[in-house]
Amino acid sequence: MAPDLRPRARLSSLGHAWRGLRTLLRSEANARIHLAATLAVLIAGAALGLNAGEWALLVFAIALVWVAEALNTAIEHLANALHPERHPLIGQAKDIAAAGVLLAAISAVAIAALVLWQRYA
Ligand SMILES: Nc1ncnc2c1ncn2[C@@H]1O[C@H](COP(=O)(O)OP(=O)(O)OP(=O)(O)O)[C@@H](O)[C@H]1O
């Protein structure tokens, strides 16, 4: 089937993404922690007067965590809907998805610490 390129279809697709973001923030405690960390880093960056390259690094680090959390939550919801009973492979899939969030968060903390500290010091 040909992709629907009409502006109304593209706008409705954006609406789905926005609804997903709201669901993520409403239902996931981790997403609220990411939101608090994101705001703290943005405020610190603004206070320290970062340059464009430094902002690009921070935006990349922040996006990495949000993307990992969104995919982790999507995998959890899919697994719960498709296979509500316990299964070792579902457990492993969820653990691996959670590991993705952890790796993204560790990288983001390292990037934020390096960028903010070298500007502050
Ligand atoms: N259906 C299942 N079968 C086997 N193990 C499961 C199953 N569901 C959850 N688990 C185990 O419990 C852990 C937590 O799963 P849950 O779906 O409660 O995610 P969560 O508490 O929202 O985790 P996260 O903090 O990573 O988002 C999983 O990482 C997995 O080890």
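**Exercise 1. Find the stretch that UniProt annotates as "transmembrane region", then say how much of the stretch is helix and how much is strand.**

Step 1. Start with the record. The unreviewed UniProt entry places the "transmembrane region" at residues 96–117.
Step 2. Turn to the structure, which is a predicted model. Residues 96–117 are 100% helix and 0% strand.
Step 3. Look at the two ends. The end C-alpha atoms of this stretch lie 31 Å apart.

**Exercise 2. Describe the fold: how many helices and strands does the protein have?**

Step 1. Count the elements. The protein has four helices and zero strands.
Step 2. Read along the sequence. The pattern is α-α-α-α.
Step 3. Check which parts of the chain touch. Take the contacts in the protein with a separation of 6 or more: 73% of them join residues 24 or more positions apart.

**Exercise 3. Compare the protein with a compact globule of 121 residues, using the radius of gyration.**

Step 1. Take the reference. A compact globule of 121 residues would have a radius of gyration near 14 Å.
Step 2. Take the model. The protein has 18 Å.
Step 3. Along the principal axes, the C-alpha atoms fill roughly 50 × 45 × 25 Å.
Step 4. Of the 121 residues, 13% are buried.

**Exercise 4. Decide whether E69 is buried or exposed, and list its contacts.**

Step 1. Locate the residue. E69 sits in helix α3. The unreviewed UniProt entry lists E69 under "active site".
Step 2. Recall the cut-off. A residue is buried if 20 or more other C-beta atoms lie within 10 Å of its own.
Step 3. Apply the cut-off. E69 has 22 C-beta neighbours inside 10 Å, so E69 counts as buried.
Step 4. Set aside the neighbours within four places in sequence. E69 is then in contact with E28, N30, A31, H34 and V101.

Terms used: Residues are numbered from 1 along each chain as its sequence is written. This is a predicted model: local features need pLDDT of at least 70, side-chain atom pairs count only at pLDDT 80 or more; totals for chains, interfaces and linings use all residues. UniProt positions are given in the numbering used here, feature names are shortened, and annotations may be inferred rather than shown by experiment. Helices (H or I, at least four residues) and strands (E, at least two) are DSSP runs, numbered from the N terminus. A residue is buried if 20 or more other C-beta atoms lie within 10 Å of its own, exposed if 12 or fewer, and partly exposed in between; C-beta atoms are placed from the backbone. Two residues are in contact if their C-beta atoms, placed from the backbone, lie within 7 Å. The radius of gyration is taken over C-alpha atoms; the globule rule is 2.2 Å times the number of residues to the power 0.38.
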